[in-house]
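These are my notebook entries on one structure. I set down what I looked up, in the order in which I looked.

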Number of protein chains: 2
Amino acid sequence: MKEIKLFCPGTIANVSCGFDVLGLCLDTTGDEMVIRKVDTPGVKITKIIGQDLPLATEKNVAGVAVLAMLEKLNNTTDGFEIEIYKNIKPGSGIGSSAASSAGAVYGVNELLGKPFSNHDLIEFAMKGEELASGVPHADNVAPALLGGFTLVRSTSPLDVIKLNTPSLLYATVIHPQIEVKTADARQILKSKLRLKTAITQWGNIGALVSALYTEDYELLSRSLHDEIVEPIRSILIPAFDKVKEECKNAGALGSGISGSGPSIFALSKGEETAMKVAEAMKAVYDKVGVAYDVHISKINDQGIKIL
Amino acid sequence: MKEIKLFCPGTIANVSCGFDVLGLCLDTTGDEMVIRKVDTPGVKITKIIGQDLPLATEKNVAGVAVLAMLEKLNNTTDGFEIEIYKNIKPGSGIGSSAASSAGAVYGVNELLGKPFSNHDLIEFAMKGEELASGVPHADNVAPALLGGFTLVRSTSPLDVIKLNTPSLLYATVIHPQIEVKTADARQILKSKLRLKTAITQWGNIGALVSALYTEDYELLSRSLHDEIVEPIRSILIPAFDKVKEECKNAGALGSGISGSGPSIFALSKGEETAMKVAEAMKAVYDKVGVAYDVHISKINDQGIKIL
């Protein structure tokens, strides 16, 4: 294989109670990427359509991720050209950088005959996340690479678990057109918390993981709750509480901040409810006068797809 | 039915990373209890064999639990006599008070024709825990009543989930003959913790719950880890670090403090390993010169049993 074309999905990190550990993969929201094996060694980003992002390999998240991978292989002979067709807006909170870095390492791994497992690739893709936000986190690249719901038990050593994905689960995401940088959203968090609050959180995350396996949508709904990060970060998001309230009224199982925001996600049982939730979200921002994008997607259990 | 005889199992609360939310039920370690319907209304503890515990209904954990249940039913006409045959030592950390309070409400519920579900009974049994330790916690009474592994998502409103129990899982428990009061063990905990530490903990609890469903013993092993409570409470337990080390050397998946101690539990895949772990634990305390009891038990997926 000389060339590969990929769908690189958007992802929702944190998923309410799973701050820094949980993530899920979207199905119909994502970038496309073409990766071509060429004779000149090294990595070259030849084209980025849709967003104004750096082409220089060392400054591009896809570039640094692939460089980390080639370095691990001591590969100084192979060369790759990457074209990126961005649909996910940087700073939207649905894993724009992760889609590019995960997609790039996935594609190059395919072209090299799969020297690495998808789990192995997470570590390289995290180099892209480090470039984008200063922190080499895995909670977007993991679901992009593994699909479905993922849990990052540990980043050092890396230990990522793919959880079960309930078959009727849909995500609705609204992206108000304001930018929140992951680095800024991280800075406002408090470094300490009460033990009592932490216990509530790990009760919820344990219950959420259980609900994913038993496909218990009611339990999923009860456990989609975050007392730690959401109350602080939601201040940065226009009309957050109102959107959340209307999601619930429209039948969503729960809602929260997608990644570090400003996108708000809701999970629903069934596509019909997910569409009603989208209408409810839109109505709030129409009233407030904030421009937005909306995505409705089944949870993508496969992750990155070869087109 | 006029009389019921019960096996009231010991339980392990917390289970390393699941402080205040996780618990599991033992199979061969527990008390027995006889409950008899009598003509005189009210609750009378007529006999306690094996331990010196208060017979006065209001001062006995079984008594207050049943009173709470009868109050909820507005039942002022039925009368019950309770005989308790204690095998679990109070203050051992394997749910001595929970066995009595859970057993009592379970038995009375049976004699009344089951007005309540086992999940409902947790709330009444928690009244016994409140009497015993000052805190109405559910992490021992829940596994006693539901069996297997349980997760307390919330105590108010009460929301307890029964998780899956891997079929080859065994617990080994060693009880060094010193007493640690739950109330004391609670007091030494810090009220705040670092967000980073909390994230590690909820990554582990999420992974542990996943491992229970997928019966992934290696993941279970990696996630049986507690950076918050164990480092503090283990100071109260003789030779804790050495016991833990020897459990690992003997092949245990992991080990930790049972409840608030001083008992130490280890989980193993298969009975043979659980027995080796018991020998390893005993060897440590033989050397140190601390008297002990040891229990080896399959995880009891049923909970309280009618004999």
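**Entry 1: a salt bridge.** I began with the side chains of A:Lys89 and A:Asp293, which meet in a salt bridge with an N to O distance of 2.9 Å. I note that the model is predicted.

**Entry 2: the domains of chain A.** I looked up the domain assignment, which gives domain 1 as residues 3–163 and domain 2 as residues 169–298 of chain A. Their C-alpha centres lie 24 Å apart. I found that 30 residues from domain 1 and 41 residues from domain 2 take part in the contact. Between them the two domains bury about 2,500 Å², and 63% of this lies on carbon and sulfur atoms. A:Ser16, A:Cys17 and A:Phe19 supply 24% of the area that domain 1 buries against domain 2, more than any other three residues. How many salt bridges does the rule find across this interface? I recorded one.

**Entry 3: an annotation.** In the unreviewed UniProt entry, "domain: GHMP kinase N-terminal" covers residues 65–148 of chain A. I found this span to be 55% helix and 8% strand, with its end C-alpha atoms 22 Å apart.

**Entry 4: a sheet in chain B.** I then traced an open sheet of four strands, in the order S9-S10-S7-S11, with antiparallel pairing. Strands S9 (254–257) and S11 (292–298) of chain B are the edges, each pairing on one side only. The twist averages 20° from one strand to the next. Four bridges join S9(B) to S10(B), residues 264–269; B:Ser255 has B:Ala266 in S10(B) as its bridge partner. Helix H9 (residues 240–249) of chain B packs on the sheet and touches S9 and S10 of chain B.

Note on methods:
Residues are numbered from 1 along each chain as its sequence is written. Chains are lettered from A and ligands numbered from 1 in the order in which they are written. This is a predicted model: local features need pLDDT of at least 70, side-chain atom pairs count only at pLDDT 80 or more; totals for chains, interfaces and linings use all residues. Side-chain values use heavy atoms; hydrogens and water are left out. UniProt positions are given in the numbering used here, feature names are shortened, and annotations may be inferred rather than shown by experiment. Helices (H or I, at least four residues) and strands (E, at least two) are DSSP runs, numbered from the N terminus. Two strands pair if DSSP finds at least two bridges between them. Axes are lines fitted to C-alpha atoms, for helices over the stretch in contact, and angles run from 0 to 180 degrees between N-to-C directions. Contact means heavy atoms within 4.5 Å. Domain bounds come from an automatic or database domain assignment. Buried area is the accessible area (1.4 Å probe) that two parts lose on being put together, summed over both. A salt bridge is a side-chain nitrogen of Lys or Arg within 4 Å of a carboxyl oxygen of Asp or Glu.
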